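Thanks for making the time this morning.

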Amino acid sequence: MRLALALLLTVLAGPAVAQLRGVEVRVPRTFGYFLGDLVEATVAVEAEPGFALQASSLPQAGPVTYWLDLRRVETRQEGTRHILHLTYQTFYAAIDARSLEVPGFPLVLTRGADHGSTTAPVEVPGWSLGLSPLREVQPARRADPADYLRPDGLGPRLDPIPARNAALGLGVAGLLALVLLARDRAWWPFRPRPARAFADAARRLAALARGPESEAGYREGLLALHRGLDAKAGHRLLADDLDDFLARHPAFRAQREGLARFFAASRIAFFGGSVAEARDRLPLAEAGATARALAAAERAA
Amino acid sequence: MNDIRRGDAMLTDWRAAAQAFEAAVAGAVLGQERIIRLVTIAVFARGHVLLEGDVGVGKTTLLRAVARAMGGAYERVEGTVDMMPTDLVYHTYLAEDGRPRVEPGPVLRSSEDLAIFFFNEINRARPQVHALLLRLMAERSLQAFNREYRFPLLQVFADRNRVEREETFELPAAARDRFLMEIGMEAPRDPATRRALAFDPRFHDTDGLIAGIPTGLLDPARLGGIASAIQHGVRASEAIQAYVVALWEALVRPHEAGIRLPGIDDMAGLVQGGASPRGVAALVRAARVRAWLEERDWLVPEDIRAVFEPVMAHRVFLEPIHELHRSEIVPALCRAVFETVPAP
């Protein structure tokens with residue numbers, strides 16, 4: 001069996017040699033490589049016309065030996081020249097300059113024809129690669145182990161101005177947003193000042209007191225004080241609610257007498273149907289005085 | 001502030017009678033001055049009253065005391081599930097001679113003098129009975145024994161237990177509207193009153209308590225006349241008329257008056273109806289009586305406020321989804337209405 005295979009190879013070898021014109025491996029240099037270097041090798045195969053490299057016979061990227069990886073394989077054809085660009089990477093940590101053998105590999109050339117295809121094996125020969133150590137094996141003795149390390153490189157000097165300006169700008173924008181939020185939520189210092197309900201009433205009453213006396217004016221004056229009381233109480237205040245109101249707002253207790261007279265007069269004016277009688281009991285000036293006293297108490301409170 | 005015209009001595013005399021009536025009832029029913037005042041107002045406004053409250057807070061005692069203090073013919077029935085309208089009108093029985101007899105029932109027994117008809121546990125009676133009662137209250141008349149009976153003096157008092165819901169029938173809206181007031185009654189909160197109610201043996205014997213009340217303080221036959229005199233005697237100024245209309249508007253359309261209640265998103269759809277013109281007329285009637293009792297011959301907003309909730313609350317109908325919580329929503333709505341509408 002083995003004899004038969006040897007015979008077959010001999011028969012096939014004859015024409016194959018005839019079809020191959022030459023194989024050449026070219027390397028930029030065969031020495032001076034360090035750990036991790038990429039090695040570019042170019043294999044040129046000169047063949048008979050019509051032949052092409054069989055893609056499946058090309059070497060696969062991956063580890064070649066324990067110290068060498070094949071990183072990339074590219075092929076091109078120039079007429080009858082078939083060119084392989086091979087990129088190796090060496091991982092050999094040499095401790096002295098030495099030459100290592102890069103193994104060769106087989107390729108197959110094929111030519112297709114109507115009555116079948118012809119193949120021709122090509123043996124790419126191995127080649128040697130000169131590898132060198134990165135540094136001496138035994139460095140000079142140092143007192144401080146830290147001296148074995150190279151000093152850190154100087155960092156580039158950065159310009160702080162743009163970053164500072166951006167921080168300032170964003171800070172100002174943040175404060176502005178906070179102010180707007182505080183205003184929206186009525187936080188300090190935007191807390192709404194308590195409405196000066198009685199101050200408005202006192203102003204209105206003073207304005208009416210300056211004008212001519214009339215029933216409508218008198219009613220309007222009473223209404224102004226009513227609205228002030230409503231605003232202060234938070235709801236509509238009727239005469240019977242006066243005690244309740246004064247219990248809730250002790251600041252106005254001093255005006256109990258005046259308020260009681262005001263409510264009595266207001267009842268007569270609006271519901272008793274006698275503005276004249278109401279005015280006799282409580283002239284508008286007196287209502288104005290009560291409103292002023294209430295406004296003063298309101299400011300003090 | 002006695003502004004009642006001096007010449008109108010009758011109103012003054014009657015006010016004294018009303019005060020005596022209130023005092024007599026208050027002697028038997030402790031700590032319910034507000035309820036007694038409302039019932040007095042209803043008596044002088046000639047309106048029917050529905051009392052609502054827990055078991056044992058004194059609803060029945062109060063109404064019995066009122067009936068006794070008032071005087072006049074008095075009838076009482078207890079609402080039951082199997083009660084039929086004819087049970088109110090006719091009394092049927094087998095006589096000694098074995099023949100069936102039909103005689104006037106509770107409503108007809110006192111004939112046309114009937115002054116107080118007291119319907120206990122009204123929500124236990126069936127809608128048929130409510131329908132009869134509706135006519136009795138609205139028209140003060142009844143068809144029986146092939147003729148029409150009229151009850152010019154009639155005033156209906158009813159009470160209702162609000163705890164139990166089983167085997168009860170809710171009053172139809174029309175019947176509820178016929179009640180001048182629907183008064184919610186609660187046990188007094190005052191500790192001294194509570195102690196007296198719990199420990200004083202006088203309050204344990206209800207019959208004895210009622211028997212101790214002076215009777216006949218108000219003459220039912222003359223109440224109609226005095227009620228009419230009060231309605232004509234108490235003035236309502238332009239301002240109070242505007243105020244009542246504004247209250248009415250705010251109650252029916254609270255969202256337009258700017259009223260917001262907590263927990264209710266859709267204020268526009270909250271009030272579905274009710275607050276009828278009859279209700280507002282009743283409100284003014286009751287308020288006038290209150291003004292008269294307070295010795296005024298003109299209305300003030302406080303008069304309206306004092307009677308607003310008992311008169312108006314049961315006439316407001318809410319969106320069905322809120323009906324379950326009406327006992328919280330309607331009082332809150334009434335309060336909000338008064339806190340929103342300006343007076344004057």
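Before the first contact, one term: a salt bridge here is a side-chain nitrogen of Lys or Arg within 4 Å of a carboxyl oxygen of Asp or Glu. Please also keep in mind throughout that this is a predicted model. With that rule in hand, the side chains of A:Asp241 and B:Arg305 qualify, with a nitrogen-to-oxygen distance of 2.6 Å, and across the interface of chain A and chain B the rule finds two salt bridges. Beside these, eight residue pairs are in polar contact across the interface of chain A and chain B, both residues of each pair being at pLDDT 80 or more.

Which elements of chain A give two or more residues to the side that touches chain B? They are α4, residues 215–233, and α6, residues 256–270, and α6(A) gives the most, with four residues. Sorted by class, that side of chain A has seven nonpolar, four polar and five charged residues.

Let me turn to the extent of the contact, which takes 16 residues from chain A and 20 residues from chain B. On the side of chain A, the residues that lose the most area to chain B are A:Arg236, A:Leu238 and A:Phe271, and together they account for 46% of what that side buries. For the two chains, the buried area is about 1600 Å², and carbon and sulfur atoms give 59% of it.

Which residues line the largest cavity? Chain A brings, among others, A:His226, A:Phe263 and A:Arg267, and also A:Leu238 and A:Phe271, while chain B brings B:Pro301, B:Glu302, B:Ala343 and B:Pro344. You will recall A:Leu238 and A:Phe271 from the list of residues that lose the most area to chain B. At least two lining residues each come from α6 of chain A and α13 of chain B, with α6(A) giving the most, three residues. The lining of this cavity divides into eight nonpolar, two polar and two charged residues.

The largest share, six residues, comes from α13(B). By class, the lining has eleven nonpolar, two polar and 15 charged residues.

Finally, the largest pocket has a volume of about 910 Å³. It is lined by 30 residues, and the closest to its centre are B:Glu52, B:Arg162, B:Gly184, B:Ser327 and B:Pro331. In chain B, α2 (33–44), β8 (155–161), β9 (179–185), α13 (301–312) and α15 (326–340) each supply at least two residues of this lining, which divides into nine nonpolar, eight polar and 13 charged residues.

I will stop there and take questions.

How values were computed: Residues numbered from 1 in each chain as written. Chains lettered and ligands numbered in written order. Predicted model: local features only at pLDDT ≥ 70, side-chain atom pairs only at ≥ 80, totals over all residues. Heavy atoms only, no water. Contact = heavy atoms within 4.5 Å. Buried area = accessible area lost by both parts, 1.4 Å probe. Polar contact = N/O pair within 3.5 Å; in protein donor to acceptor, adjacent residues only side chain to side chain. Nonpolar A, V, L, I, M, F, W, Y, C, P; charged D, E, K, R; others polar. 1 Å grid on protein atoms, 1.4 Å probe; cavity = no way out; pocket = protein on both sides within 12 Å on 5 of 7 lines; lining within 4 Å. Points joined across faces, edges and corners; volume = space filled by probe spheres on them.
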